Amino acid sequence: MADGQGRNVAVQGAARRIDQLGRVVVPAELRRLLGFHEGELLEFCVRGDELVLRRAVPSCAICGITTDDLVDLRDKHLCPRCVREIRAEVSAV
Ligand SMILES: [Zn+2]
């Protein structure tokens, strides 16, 4: 595993129980190690029989593309192409 600065580290023994609502607290030492901050969007994915938690990569809410020039609108991201298509559809009405 790489830490927030790209260094390879191995962490073991950071066990936490799932509560009644399915929540798990990410241990503070791991949040610090990985540079996870309050409010940051994370995503779960399954790799074999493991659950992986990682930073979510923002993608367009319509086409799903990931690009550096996404436009934020009401907590959603839109790519420039989809913005142009929406504008064209709206202006045609
Ligand atoms: Zn798009």
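1. Among contacts in the protein between residues at least 6 apart in sequence, 10% connect residues that are at least 24 apart. The model under discussion is a predicted one.

2. Burial is recorded for 2% of the 93 residues of the protein. A residue counts as buried here if 20 or more other C-beta atoms lie within 10 Å of its own. The points on individual strands below should be read with that cut-off in mind.

3. The secondary structure consists of two helices and four strands. Followed along the sequence, these elements give the pattern α-β-β-β-β-α.

4. Strand S1 covers residues 42–47 and strand S2 covers residues 50–55. The two strands run antiparallel and are joined by six bridges. As to individual pairs, Glu 43 has Arg 54 in S2 as its bridge partner, and Leu 42 stands opposite Arg 55 in S2.

5. S1 and S2 form a hairpin with two residues between the strands. In this hairpin, Gly 48 adopts a positive phi near 65°.

Methods: Residues numbered from 1 in each chain as written. Predicted model: local features only at pLDDT ≥ 70, side-chain atom pairs only at ≥ 80, totals over all residues. Buried ≥ 20, exposed ≤ 12 C-beta atoms within 10 Å, placed from the backbone. Contact = placed C-beta atoms within 7 Å. Pairing = 2+ DSSP bridges.
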